[in-house]
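This briefing covers some strands of one structure and the nonpolar cores around them. Look at the sequence and the 3D view first, then read the points below.

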Amino acid sequence: NDVVKACVFTFNDITQQDKLNKDLKILLLAAKKVSNSVVVTDSKRKIVWVNDAFISNTGYSFEEVEKKVPGHFLQGKETDPQTVKFMREHLHRQLPFECEIQNYRKNGEKFWMRLNVQPLFNDDNSLSGYLGVGTNITEQKKLQEKLIQQKVEAQKEITRATIAGQEKERNELGRELHDNINQILAAAKIQLECHLKSKNGRPECITNTLDYLKMAIAEIRNLSRNLVAPRFHDNYLLDEIGLVIEHLGLKQKTTVNAGSFDKDKVSDEIKLTLFRILQEQLNNIIKYAKARSISVILETDDQFVKLFISDDGIGFDTNQKRNGIGLNNIHNRVELHDGRAKIISAPGKGCHVQISIPLQKP
C-alpha cells in the first residue's frame with residue numbers, strides 16, 4: 001500500500017477580495033434603488049448593468065440594452081451634436097465629465113438628463129469601464145423654457161407699449177404743431193399781410209405780429225421742455241418737477257413733499273424715469289381727473305426711492321383702463337428698473353399712483 005508521507009497545503013488570503021465583493025454588492029444594491037439612472041459599461045462602452053431608474057426613465061428593459069452603447073439608442077435627431085462630440089472626446093481620453101443632453105425614450109418621447117460619467121480603472125490603471133449617473137431634468141427644462149417664453153412675451157409687451165407711447169407722443173406733437181403753433185404763426189402771417197397791403201402800413205399789425213411770434217416761441221419752448229430729457233447734473237430733480245407743475249398750470253393746486261428725499265442716492269437714469277412718470281400722470285390728471293388738489297411725495301430710504309402721486313379727481317375703474325397707454329407706460333418704465341408700480345383708483349375716489357424702485361449707485 002502506498003503511504004502518504006507528506007502533504008502540501010496552499011493558502012490564498014481572500015479577505016480583501018471578499019471585502020471588495022461585499023462593497024460592490026452594497027454599492028449595486030444602493031444604486032438599484034436610487035431615483036437617478038445608473039449605468040455601468042465595459043471598456044468598450046457597452047452596458048453590463050443598469051438600475052431600475054434607468055429602465056423607468058428610458059422604457060427599455062435590461063435585456064434590450066445589454067451589450068449596447070447607450071448613445072446608439074438614446075440619442076436622436078434633436079440631440080445636440082456639440083454635446084455628443086463633447087462626450088465622445090472625454091470618453092476617448094478616459095476623462096470624467098458632466099453635461100446635459102436630450103435623449104429619447106423607447107416610445108420616441110424626448111427627455112432631458114444631466115449626466116455625470118466617471119471612468120473606472122483596474123489595479124494596473126487599465127480601463128475597466130464607465131459609471132454613468134443621470135438625473136432626469138425634463139421638468140426643470142420645461143419650466144426654464146416657460147420662464148424664457150414669459151420673458152420674451154413680457155419684452156414684446158414692453159416693445160408694443162413703447163411703440164404705442166412713441167406714436168402717442170408723435171400724435172400729440174403733431175396736434176400741438178398744427179392746432180396751436182401753426183394757428184399762431186398763421187395769425188402772424190395775416191397781420192403782416194395786412195400791414196404790407198395797406199398803402200401807408202399799419203403799425204398795430206407789426207405789434208400784433210411781434211406778440212404772435214413771442215407766443216409761438218413760448219409754445220415751442222414748452223414743447224421742447226416736454227420732449228427733451230432734463231440734465232440732472234445741471235438741475236435738481238425737484239427743480240424740474242417744479243417747472244413741470246408750473247408749466248402745466250397746476251402750481252396753485254399741487255403740494256410737493258420731498259423732506260426725506262436724498263438726491264445723492266438716486267442715479268440720473270432713475271431720476272429721469274421718475275420725472276417722466278410724473279409728467280405722464282400730471283398730464284393724465286389735467287385731461288381726465290377734474291381734480292381740485294394734487295399731492296406729490298418723493299422719498300428715499302436705505303433700499304428704495306419712492307414716488308407717490310395722488311389727486312381727488314373723478315377717478316376711474318382700474319379694471320377697465322388697465323391696458324391704457326398711459327398706465328402701461330408707467331408700469332413699463334418702472335419694470336425696466338425692477339421696480340413696482342401700484343395704481344389705486346375707483347369712480348369718485350381720485351387716483352393714487354405708488355412707485356417703488358430699488359436704489360442703484362448714482
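In strand β8 (residues 304-311), F308 is the bridge partner of I297. The model is predicted, so local features need pLDDT of at least 70 and side-chain atom pairs pLDDT 80 or more, while totals for chains, interfaces and linings use all residues. Residues are numbered from 1 along each chain as its sequence is written, and side-chain values use heavy atoms, with hydrogens and water left out.

- Strands and helices here are DSSP runs numbered from the N terminus, with at least two residues (E) for a strand and at least four (H or I) for a helix.
- Two strands count as paired if DSSP finds at least two bridges between them.
- β7 (residues 294-300) runs antiparallel to β8, and seven bridges join the two.
- The hairpin that joins β7 to β8 passes through three residues.
- With strand β6 (residues 254-257), β7 pairs in the parallel sense over four bridges; T254 stands opposite I294 there.
- β6, helix α9 (residues 268-289) and β7 form a β-α-β unit that is left-handed. A crossover is right-handed if, with the strands pointing away from the viewer, the path from the first strand over the helix to the second runs clockwise.
- The covered face of β7 holds I294, V296, L298 and T300, and the uncovered face holds S295, I297 and E299.

- Buried means under 20% relative accessible area, exposed over 50%, and partly exposed in between (1.4 Å probe, protein chains only).
- Six bridges pair β9 with β10 (residues 351-358) in the antiparallel sense, and A341 stands opposite I355 in β10.
- Five residues lie between the strands of this hairpin, where G348 takes a positive phi near 80°.

**Nonpolar cores**

- A nonpolar core is a set of buried Ala, Val, Leu, Ile, Met, Phe, Trp, Tyr and Cys residues joined through side-chain atoms within 4.5 Å.
- The largest core has 33 residues, and L274, L282, L298, L307 and I355 have the most contacts inside it.
- Elements giving two or more residues to this core include β7, β8, β9 and β10, but α9 gives the most, with eight residues.
- Not counting residues up to four places away in sequence, L274 touches L298, V305, L307, I355 and I357, contact being heavy atoms within 4.5 Å.
- Another core, of 12 residues, lies apart from the largest one and has C99, V117, L127 and Y130 among its members.
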